[in-house]
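Please examine the structure shown below.

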Amino acid sequence: MQKEQTAAPEHLGGFDIIIVGAGHAGVEAAWAAAKLGVSVGLFTLTLDGIANMPCNPSIGGTAKGHLVREIDAMGGVMGIAADANTLQSRMLNRGKGPAVHSLRAQIDRVAYHRWVKGFLEKYENLSIKQAEVARLQIRDGKVCGVITRLNGQYDAKAVVLCTGTNLGGKIFVGSASVKTGPDGQPAADALVDSLKAAGLPLRRFKTGTPARVHRRSIDFSVLERQPGEEPPEPFSFLTPEGGVKNQVDCHIAFTNPDTHRVILDNLHRSPLYGGAIEGIGPRYCPSIEDKVVRFSDKERHQVFVEPCGLDTEEMYLQGMSSSLPEQVQNEMYHTVKGFEHLEIMRPAYAIEYECIDPLALWPTLETRAVEGLYGAGQFNGTSGYEEAAAQGLLAGLNAARRVLGKEQLVLPRHSSYLGALVDDLVTKGVMDPYRMMTSRSEYRLTLRQDNADERLTPIAREMGLVDDARWQAFQNSMAVKQAEMKRLESTTVRAGQLSEVLEKQGKPPVEKGGPAAELLRRPEVDYDTIAQVIGRGEGVDSRMAGRITTEIKYAGYIARQQRAIKEVKRLEKTRIPEDFDYAPLDGLRLEAREKLAKVRPLDLAQAGRIPGVSPADMAVLSVAVAAACRSKKAEEEK
């Protein structure tokens, strides 16, 4: 039998950087790299999948809203694109402290895709290609290009993998399983073997999505209406107040004991429980099957009914993701009040995919095994559009700076939620798809979404991501803030004046007056109350008023966190030599030695965050690192 001959690849040119995948991670990676002036090739399985929202038609949410603001503060795409296509905006956790306030917006998913695609098509230094990357080209441990499924060869100095759930994708609906990506996109199977051959430690994760259903089949009269918040707040620091509008309502339905009975009676038909699915699912976004089993004491679960766009009748049922057979899905949904005649347009499904063990990444998101090869998004073991986009921006930036011979950016965890996300990935690893939450950051009072620009815009400016227009807008905003803080500290408010306003609000009067800033620290006094006495500061909109109020009211707590951050910064200055040998340190426990050798922390601060490294281990390590640094310095001075 004649052996099949493989034709030599056709050389079709090259780019400084190739981005594999054009989901939310790929979009930000391509933009960030192109912004630095290098040539970028963005490869996607289909042009119709650029910035696709295969799961929920929303952006933001608890902690995720913080990430979107951070992306925007660094000049990224997601915040502006979301504002341009917002259907409804709500600030979550208003009843809690400002550290956990998080913006969430319903998005017109098709319009969002078109907006981002158009933005990228017009962007300088960026070429978009519909092609499946099948193999990496690696020479002497460095990536040097890619080969497509159609045998096209493209050279590259760096490659960023943003493969999402398409990499080795396989969907499950009951006993049926199909090798495919989300929304009927192709699965990227060919690349899996190439990544394994390159020495990347891959694993399989799983996620899922609910059904999309027809609007006309829902009885909204029996559902709980969920309007947007007025006035709606934008994501981008560049979008003016009033720049987004609420255009739709969302609704809430509830499962009931009949719904749960249908699920439990058919649990054996779910691939999640039948063993067909090997991948590990997200802990914090369980399927409806998982909810019913794990929270058996609950008589009902919320189902959020969300529009997918203005020009479609599709509705998304957030909270009811499933992999049950279609017939069971029909029966299950029909038990919900208001869903008795529900028409499924796209059935719910679970999807498995390949991703990397993030312990195989440096904090720059470059892989340890292959120089110049970066990962971002679900490829790195995370879940969510926002987590993906934030990593994509960092990976694209660092790939470009590597090509340009410049120092790459490592964001410390006290600087941002993005810094905390990456640090968690590369220091602790993940056992299931990682989701950002405010509780993951020990510095959340200083990492609020309202001050993301103060924290990150100067850094992004230094890195080359922030243009003159955004920088000028940032400086103007900071000037407004500083002037108003100074005015509040120097303006005296009389007790009678303030008490008169408070009494109109049904609040108790104050006994004595004082500086406006001092009075603003009182829990019953907010900025608008003070402004009724002394007027609003010039240029102070509601967003700036909220930021100023938070910083004044929580000044003591913020100062305490800043002192803790100062101590961490001290430890971060003690760098651990790249070739440091942990094996001879008898004072370290075996577990600590193994963990340190695997993670290879950059500094003592990161070493102390590794699970399994105790304070006693850190004491030994600190002495040893100090001795090694003194020895190295002595050798250099000879």
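The following paragraphs treat the sheet and then the helix pair.

The model under discussion is predicted. Strands of a sheet pair through backbone hydrogen bonds, in either a parallel or an antiparallel sense. In this model, four strands form an open sheet, arranged in the order S11-S10-S19-S12, and their pairing is antiparallel. Strands S11 and S12 stand at the edges with a single partner strand each, so one side of each is left without a neighbour in the sheet. On average, neighbouring strands of this sheet are turned by 25° against each other, direction ignored.

The pairing of S10 with S11 is antiparallel and extends over three bridges. Within this pairing, Val 173 has Ala 176 in S11 as its bridge partner.

The helix pair is considered next. Two packed helices are described by the angle between their axes and by the distance between those axes. For H13 and H17 the angle is about 50°, and the axes lie 11 Å apart. The two helices are therefore oblique to each other, since angles under 35 degrees count as roughly parallel and those from 65 to 115 as roughly perpendicular. The crossing of H13 and H17 is right-handed.

| Helix | Residue range | Residues in the contact |
|---|---|---|
| H13 | residues 468-490 | Ser 477, Met 478, Val 480, Lys 481, Glu 484, Met 485, Leu 488 |
| H17 | residues 542-553 | Met 544, Arg 547, Ile 548, Glu 551, Ile 552 |

The residues of this contact between H13 and H17 comprise seven nonpolar, one polar and four charged.

How values were computed
Residues are numbered from 1 along each chain as its sequence is written. This is a predicted model: local features need pLDDT of at least 70, side-chain atom pairs count only at pLDDT 80 or more; totals for chains, interfaces and linings use all residues. Side-chain values use heavy atoms; hydrogens and water are left out. Two strands pair if DSSP finds at least two bridges between them. Axes are lines fitted to C-alpha atoms, for helices over the stretch in contact, and angles run from 0 to 180 degrees between N-to-C directions. Angles under 35 degrees count as roughly parallel, over 145 as roughly antiparallel, 65 to 115 as roughly perpendicular and the rest as oblique. A crossing is left-handed if the near helix is turned anticlockwise from the far one by less than a right angle, and right-handed if clockwise. Contact means heavy atoms within 4.5 Å. Ala, Val, Leu, Ile, Met, Phe, Trp, Tyr, Cys and Pro count as nonpolar, Asp, Glu, Lys and Arg as charged, and the others, Gly among them, as polar.
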